[in-house]
Amino acid sequence: MSGAAKILVVGPLGVGKTTLIGTVSEIEPLSTEASMTQAGVRVDADVDSGKRTTTVALDFGRLTIDGDLVLYLFGTPGQQRFLPAWQDLAKGALGALALVDTRDLAASFDALGNLEDLDLPFAVAVNVFPSGPRYDADDIRTALDLLPGTPLVICDARDRASSIRALIALVCHLIHVATESS
């Protein structure tokens, strides 16, 4: 496969979207991180007390796979209050990698619901956090109410090879979806 594809990287606040894009990007990633404010803390419940910044518009990076396929990665803000920006970023995207965190799987429901509302194919990547519990893939699928054909992979957003494997799982899924519908 050759060409270019716009891919979203979505998920709740603090799940590792900015980290994943920074880890895999072959260019200096664009990041719109801003300091979290007291006003935002009141709006964004369940914010990790150690988190000091948040994406307010997008993250952007580029990854070439196998010398032929260029993925343009657009990371979305994690808070539901940024949904209008999130919907604008989704325009023209072929699919999305949805990052989830086993410390709070329910926090991913909004992002997954948004992808379903947009009818955007996606794969789910469970970002491994050292303090996070480990669950069986079937239990995660059940908890997230994933369709059987939705890819589910484990990844570490800090590890380039692991993150690239998650993106490749998404690309394979997108190819499958495209060939199935033609």
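**Exercise 1. Determine what share of the contacts between residues at least 6 apart in sequence joins residues at least 24 apart, and describe the overall architecture.**

Solution. Contact means heavy atoms within 4.5 Å. Among contacts in the protein between residues at least 6 apart in sequence, 73% join residues at least 24 apart. The model is predicted: local features need pLDDT of at least 70, side-chain atom pairs count only at pLDDT 80 or more, and totals for chains, interfaces and linings use all residues. Residues are numbered from 1 along each chain as its sequence is written, and side-chain values use heavy atoms, with hydrogens and water left out.

Next, the elements are taken as DSSP runs numbered from the N terminus (helices: H or I, at least four residues; strands: E, at least two). The protein has six helices and seven strands, in the order β-α-β-α-β-β-α-β-α-β-α-β-α from the N terminus on.

Finally, of the 182 residues, 46% are buried (under 20% relative accessible area; exposed is over 50%, partly exposed in between; 1.4 Å probe, protein chains only).

**Exercise 2. Identify which residues the ring pairs link into a cluster, and characterise the pair of Phe-60 and Tyr-72.**

Solution. Rings of Phe, Tyr and Trp (its six-membered ring) pair if their centres lie within 6.5 Å; planes under 30 degrees apart count as stacked, over 60 as edge-to-face and the rest as tilted. The structure holds two aromatic pairs. In one of them, Phe-60 and Tyr-72 are stacked, at 6.2 Å centre to centre with 10° between the planes. This pair links strand S3 (residues 53-65), which holds Phe-60, to strand S4 (residues 69-75), which holds Tyr-72. Tyr-72 counts as partly exposed because its relative accessibility is 30%. The cluster consists of Phe-60, Tyr-72 and Phe-74.

A charge sits over a ring if NZ of Lys or CZ of Arg is within 6 Å of the ring centre and within 35 degrees of the ring normal. Lys-6 lies over the face of Phe-74, 4.8 Å from the ring centre.
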